[in-house]
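Biologist: Could you walk me through this structure? I am new to it.

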Amino acid sequence: MDMHPPLPALIDPFARPITYLRVSVTDRCDFRCVYCMAEHMQFLPKADLLTLEELDRLCTAFIGLGVRKLRITGGEPLVRRGIMGFFRQVARHLGTGLDELTLTTNGSQLARHAAELAEIGVRRVNVSLDTLDPDKFAAITRWGRLPQVLEGIRAATAAGLRVKINAVALKGVNDSELFDLVRWCGDEGHDLTFIEVMPMGEMGEENRLDQYWPLSDLRAQLAERFTLIDLAERTGGPARYVRLAETGQKIGFITPLTHNFCESCNRVRVTCTGELFMCLGQEDNADLRAPLRASPDDAALEQTIRAAIARKPKGHDFDYSRQRIDGQMTRHMSHTGG
């Protein structure tokens, strides 16, 4: 008779339980956002990507190890062929270990899939949207069309999905739209989170230092027009929230550069090729594709996951100080998962 007690859930070296997994299901996207991808991206060979069956096995293993929230990312997750079948498979864990299944999307495919996502058990989606100006939208996304995204957001709302808008703060691009974005989200009932641009991928012609709009400035502008009430809300994630007293809206700020949010980090990321990154801002990773493909048994996979979590660092080291970029990453966000 086996008297061994079950192993504890995933706990990192700093006593943080790992309960949130972000999984990129593809590096491909139907947009080419300037801060995320090169215009002519070299995508990964299909054979390098985890199959949808492998992704399901991987997610199931993490849920067995205590992950309660699963976010599907990309690239654009909804452009992967067969992705709704994958969502249906993973949704079997909802209520039996998994508390939340959600996704981050550019919204381009939401009009097609929103109703099915809601039926499967998805309750919220994050939509990346930096501007409400169609010309600026086309310039930022290179290939995107704003009306298609707005139609997708309407479809999500109609299906009963809560929509959170994620807007990357870009000086000289959308800084003039701050109050337009806030007003539109308030009118539509969407929460809004602003994200400082991050030093990842090819800097090239898009100089991040020129585009860097510190959220402290953005917040100060908001405070000139609204009463900002700090919320104690913590999701283990990077966002810090305020409520606008005048409208009741919740606004989030993700400041990887001016505010280090690592002390409560409860998350890890898996790329579409099966690399487990314990920290978005560090290169250290573990290969999960090899144990997935080596055996139909998950023992080696779980062992690899546990060994990686034991190396999770205390924090990252992004820094824009002194006008050079310390800790700059060479990976594109589309590879790691946005």
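Predicted model: local features only at pLDDT ≥ 70, side-chain atom pairs only at ≥ 80, totals over all residues.

Biologist: Is strand S2 mostly covered or uncovered?

Modeller: Strand S2 (residues 69–73) is mostly covered, with five of its five residues buried. Buried means under 20% relative accessible area, exposed over 50%, and partly exposed in between (1.4 Å probe, protein chains only). Strands (E, at least two residues) and helices (H or I, at least four) are DSSP runs, numbered from the N terminus.

Biologist: Which residues lie on each side of S2?

Modeller: Lys69, Arg71 and Thr73 are on one side, and Leu70 and Ile72 on the other. In a regular strand, side chains alternate between the two faces of the sheet.

Biologist: How many bridges join S1 to S2?

Modeller: Five bridges join strand S1 (residues 20–24) to S2, and the two run parallel. Strands pair if DSSP finds at least two bridges between them. Val23 has Ile72 as its bridge partner in S2.

Biologist: Changing topic, which residues does the UniProt "binding site" cover?

Modeller: The annotation, from an unreviewed UniProt entry, covers Cys262, Cys265 and Cys279. They are spread over 18 residues of sequence but cluster in space, with a largest C-alpha distance of 9.2 Å. UniProt positions use the numbering used here, feature names are shortened, and annotations may be inferred rather than shown by experiment.

Biologist: Why does Cys262 count as buried?

Modeller: Cys262 counts as buried because its relative accessibility is 6%.

Note on methods:
Residues numbered from 1 in each chain as written. Heavy atoms only, no water.
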